[in-house]
Amino acid sequence: MLIRKATDLTHADITPKSVYLDRRKFLRAMGIAGATAMAGRCFFELATPAQTILAATKFSGLAKSPFSTTEKQNSYDDVTHYNNFYEFGTDKSDPAKNSKNFNTSNWTVSVEGEVAKPRKFTMDEILKLAPLEERIYRHRCVEAWSIVVPWIGFSFSNLVKMVEPTPKAQFVAFQSYYDPRQMPQGRWAGIEFPYVEGLRMDEAMNPLTLLCVGMYGESLPNQDGAPIRMVIPWKYGFKSIKSLVKIKFQQKMPPTTWNLAAPNEYGFYSNVNPIVDHPRWSQAKERRLGEIFKRSTLMFNGYGDQVASMYSGMDLKKNY
Amino acid sequence: MSWYSRVRALLTSKWTKVVLFLVCLIPLGGLTWRALHHGLGANPVEFIQLATGRWTLRFLVFTLCITPFRKLLNLPDLIRFRRMLGLFAFFYVCLHFLTYLGPDQSFDLGGMWKDVAKRPFITVGFLGFLLLVPLAITSTAGWIRRLGGRRWRILHRAIYFAAIAGVIHFYWKVKSDVRSPLFYGALVAILLLWRLGDWFSRRRSVIAAKLSPEGARVDTAR
């Protein structure tokens with residue numbers, strides 16, 4: 001079992017005070033403080049939708065990206081109703097159902113560790129950090145299904161440059177938001193939360209590595225990792241951490257959630273690789289959502305030209 | 001009429017079998033309805049695969065329930081439905097297998113064998129499926145006669161291993177949330193342990209019956 005140090009908790013881990021207070025006020029006002037959590041959530045949803053559901057922001061004037069694929073995009077409905085976000089439940093349809101009231105207002109991302117300028121970013125600051133681009137990427141899940149998504153964001157390297165990593169910064173550790181009160185289904189996921197992920201510094205600096213704030217022309221819906229997430233298209237989907245609250249630059253390779261859960265099945269690198277199978281299933285093929293039969297999976301999910309050089313000389317069977 | 005005789009009358013009615021047959025088709029009907037109304041989600045193949053897999057396990061559990069319920073509730077007529085439930089388990093496992101052979105393996109038998117041999121979770125699932133094939137074939141009255149009741153019963157104990165294989169297959173398939181496989185595992189465990197307990201108590205009573213005259217003699221001799 002992983003025992004986390006208390007110092008790992010940052011302000012960003014704490015439920016925004018407004019959510020907490022609103023909830024208390026609301027329950028007291030309704031006089032149903034003793035009601036079951038289920039009923040409470042239903043009432044909450046009916047009575048105060050405007051407070052909790054942030055309307056999607058439309059982005060305009062998005063720059064096109066040379067990294068975009070011309071493949072057929074999956075529908076918005078597919079991408080928002082079939083995905084994994086274990087904090088909201090383990091069924092593919094759970095995230096859409098259970099993240100409706102997820103409060104993402106007053107969001108901050110804390111950047112710390114081996115950097116000259118550690119700081120916190122608000123969402124407004126992040127949105128102004130670099131010009132937003134639309135990047136249409138293939139996204140390959142470790143479960144052997146795939147989608148094509150028009151993400152919105154910019155290269156993560158833009159943020160890295162702003163905080164000036166020291167020479168000691170060899171790896172980047174990422175952490176998701178976790179609040180058991182907003183994500184009660186998380187306790188059944190069978191993995192430890194908050195969800196953590198990591199990249200090697202060169203991977204983080206690769207222009208393909210996307211700091212993502214939207215998709216399909218608007219801000220990220222809750223179930224797909226609102227309000228900000230990573231997208232690393234040559235790695236299995238679980239590397240692309242959602243609802244990001246903390247970025248830490250460090251010398252040591254950081255722990256990653258699925259590797260902690262099953263080290264023989266999920267490695268730190270987790271590059272899409274059709275010739276290295278998951279111990280329990282083949283990775284040679286994948287089902288593109290919307291298709292019946294499976295298609296061949298491409299090495300590095302088809303992004304070899306941009307990323308293969310980072311792994312030259314490395315045994316990718318060993319470093320799965 | 002007492003409650004008990006009313007239930008027995010219901011169980012012996014020829015209509016009950018017809019109704020049960022239709023009820024057993026509801027999962028298939030549900031999938032068909034969803035297929036026609038875009039209700040299978042973004043990954044219809046997976047939806048059908050998971051649903052037919054779950055229904056196979058459920059029907060195996062229903063089939064395994066018949067004997068304990070017959071004895072515990074003193075309702076011998078329940079036996080009339082056992083074959084149908086078992087055959088429906090086989091029906092749903094066939095659909096489950098077809099989603100694997102077709103969409104997953106593109107009907108490539110060579111590729112399928114390689115996959116079956118290589119992956120424990122597929123191997124154990126496939127074994128469970130194979131175990132059910134002879135049971136479905138020999139489910140007719142003719143086959144019971146040909147094999148003889150005793151041999152037929154021994155053969156049909158293969159369902160125990162098929163159910164265990166099904167649960168292991170499910171358990172090995174999930175990534176981390178094992179609640180559902182454990183639930184079916186617990187049901188199968190209870191149903192099989194009941195049989196073990198029943199077998200022991202019958203054995204004991206047989207032994208006791210054999211021993212009792214002798215025991216009595218020993219007693220009087222002393």
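These legends walk through a few close-up views of a predicted model. Local features here need pLDDT of at least 70, side-chain atom pairs count only at pLDDT 80 or more, and totals for chains, interfaces and linings use all residues. Residues are numbered from 1 along each chain as its sequence is written, while chains are lettered from A and ligands numbered from 1 in the order in which they are written.

**View 1. Helix α7 of chain B and its buried residues.** Helices here are DSSP runs (H or I, at least four residues), numbered from the N terminus, and strands are E runs of at least two. α7(B) covers residues 120–137 and reaches 26 Å from its first C-alpha to its last. Its buried residues (20 or more other C-beta atoms, placed from the backbone, within 10 Å of their own) include F126(B), F129(B) and L132(B). Among the elements covering them are α5, α9 and α10 of chain B.

**View 2. Where α6(B) packs on α7(B).** The angle is about 105 degrees and the axes, lines fitted to C-alpha atoms over the stretch in contact, are 5 Å apart. That makes the two helices roughly perpendicular (65 to 115 degrees). D115(B), V116(B) and A117(B) meet I122(B), T123(B) and F126(B); contact means C-beta atoms, placed from the backbone, within 7 Å.

View 3. W151(A) is in contact with residues including R135(A), Y137(A) and L210(A).

Technical notes
Expected span 1.5 Å × (residues − 1). Buried ≥ 20, exposed ≤ 12 C-beta atoms within 10 Å, placed from the backbone. Contact = placed C-beta atoms within 7 Å. Axes fitted to C-alpha atoms, helices over the stretch in contact; angles between N-to-C directions. Parallel < 35°, antiparallel > 145°, perpendicular 65-115°, else oblique. Lists of a residue's contacts leave out its neighbours within four places in sequence.
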